[in-house]
Amino acid sequence: MHFDHAGVATEDARELAELYSDLFGLEIAHEEEFDGMRVVFLDCGNGYVELLEPLEEGTIARYLESNGAGIHHLALATDDIEGALETVRDHGVQLIDEEPRPGAWGHSVAFLHPRDTGGILVELVEH
């Protein structure tokens, strides 16, 4: 596995993308509307910053209401999400997604419960 991206909840993905472009020279690698959100991936060279803006009520809107803007999750890439989930199960880590599901950019994803991962919502992503 390797680092894939950090998901950042924000009220305005385009505005934050512009700021990160100005500050850090990051360019948009991919943008889409997915699952009630505007999702913008900024290329960092060895991973991405994924900006998540809610377009309707849902997980990210609730996160912003409770926590405000900031890092929502960390994602690790794997070539074998089924095998990675089996390893997670073998270690007794609670899964939010028992099976992979469709994610942004057409990837298969599954989330691990932060209760068992040091307080961090971890996403497994298979490209």
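Glu53 counts as buried because its relative accessibility is 9%, where buried means under 20% relative accessible area, exposed over 50% and partly exposed in between (1.4 Å probe, protein chains only). The model is predicted, so local features need pLDDT of at least 70 and side-chain atom pairs count only at pLDDT 80 or more, while totals for chains, interfaces and linings use all residues. Residues are numbered from 1 along each chain as its sequence is written, and side-chain values use heavy atoms, with hydrogens and water left out.

**Glu53 and strand β4**
- Glu53 lies in strand β4; helices (H or I, at least four residues) and strands (E, at least two) are DSSP runs, numbered from the N terminus.
- Apart from neighbours within four places in sequence, the contacts of Glu53 (heavy atoms within 4.5 Å) include Asp12, Arg14, Met37 and Arg38.

**Pairing of β4 with β3**
- Strand β3 (residues 37-43) runs antiparallel to β4, joined by 7 bridges; two strands pair if DSSP finds at least two bridges between them.
- In this pairing, Leu42 stands opposite Val49 of β4.
- The two strands β3 and β4 form a hairpin with 4 residues between them, and Gly45 in the turn has a positive phi of about 95°.

**Strand β1 and its partners**
- Strand β1 (residues 2-9) runs parallel to β4, with 5 bridges.
- Gly7 has Glu50 of β4 as its bridge partner, and Ala9 has Leu52.
- With strand β5 (residues 70-78), β1 pairs in the antiparallel sense over 7 bridges; Ala6 stands opposite Leu74 there.
- Of the 8 residues of β1, 6 are buried, so this strand is largely enclosed by the rest of the structure.
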